[in-house]
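Below is a set of questions and answers on how the labels given to a model follow from its computed values. Each answer sets a value against the rule behind it.

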Amino acid sequence: MELFNRDGKEFTGTPEINEKGKPYTQVAITCDRCHVIGGRRLWIMGIENNRPYSKTGFDCWTCGNTGVRKMVDDRLYTAEELAKINATAQKRAAKRFEAEQAEAARKAAEQAVKEAAFLTSCSDFIATLSKLDGEFWDSFTESFLRRATAPTERQAAMVEAEVAKRAQNAASAFVGAVGDKIVLTITIERLIPLESQFGTTYINLCRDQQGNVIVYKGNSNIGDVGETVNVRATVKEHVLYNAASQTVIQRPKLV
Ligand SMILES: [Zn+2]
């Protein structure tokens, strides 16, 4: 009768019979700690250029220098038995695959529910984000949507501040006409230093009492951040910057 090992390889030889009356054969498990080098079996230290090397010249104590780590019984099967075993294994694999598919579907559904809940609970925040243009807010929005968790306090505060700033900018109007000499009551909101070969000058970002943005760039010190001052100045130009109408003044004098 033809016999095969578990992998389907045909067995040629005389099988042994175990106590249950089943045929088997003994196969050698090769020792992985030694190798024949230059005609002599040696314990190997490592592999170099895909070749085992032994600098010690020691025998292998793992296998007693036989090259065989151990002998194991290997069951042999008839073609019919093997077919049955393979069919069972296949069935088990199919079942496992099915279970994995079901689990993946369950996870996907769970994720979808989570995502829907996120979109609902954060719909106001997301709507606000969608109105904030610019590279920074685009990537902020993208990563927020990717993470799909409620905004942190810091994120919420950041967005709120940006919305307020934009509303303020949008409410800013031009003051006077270019060339006009005007008197303004302005609060200095920011000082941006500009280094040049002639020293440091400052861009003074200010706001008048109607919320209009007033900009002064030059050497005159008109005050510190947070200070409200009265100045007489000439309207140099009107510019639109970050959606804010800005009135640029020159030669300011404190009055
Ligand atoms: Zn060995």
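Q: Which residue in E13 stands opposite Leu184, and what makes E10 and E13 a pair?
A: In this predicted model, Leu184 faces Val231 of E13. Strand E10 (residues 181-196) and strand E13 (residues 228-241) share 7 bridges in the antiparallel sense. Pairing requires at least two bridges, so E10 and E13, with 7 bridges, count as a pair.

Q: What makes the arrangement of E10, E11, E12, E14 and E13 a barrel?
A: The 5 strands close in the order E10-E11-E12-E14-E13. E10 and E13, at the two ends of that written order, are joined by 7 bridges. The pairing in the barrel is mixed. From one strand to the next, the twist averages 40°.

Q: Why is one side of E3 and of E9 left without a neighbour in the sheet?
A: The open sheet has 3 strands in the order E3-E4-E9, with antiparallel pairing. Strand E3 (16-17) and strand E9 (68-75) are at its edges, and each has a single partner strand, so one side of each lacks a neighbour in the sheet.

Q: How do you know that E4 and E9 are paired?
A: Strand E4 (residues 23-30) is joined to E9 by 7 antiparallel bridges. The rule asks for at least two, so the pair qualifies.

Q: What makes E5 and E6 a pair, and what lies between them in the hairpin?
A: Strand E5 (residues 34-37) and strand E6 (residues 40-43) run antiparallel and are joined by 4 bridges. With at least two needed, they therefore count as paired. Ile37 has Arg40 in E6 as its bridge partner. The hairpin has 2 residues between the strands, and Gly38 takes a positive phi near 60°.

Q: What share of the 255 residues is called buried, and on what ground?
A: The share is 12% of the protein chain. A residue is called buried because 20 or more other C-beta atoms lie within 10 Å of its own.

Terms used. Residues numbered from 1 in each chain as written. Predicted model: local features only at pLDDT ≥ 70, side-chain atom pairs only at ≥ 80, totals over all residues. Axes fitted to C-alpha atoms, helices over the stretch in contact; angles between N-to-C directions.
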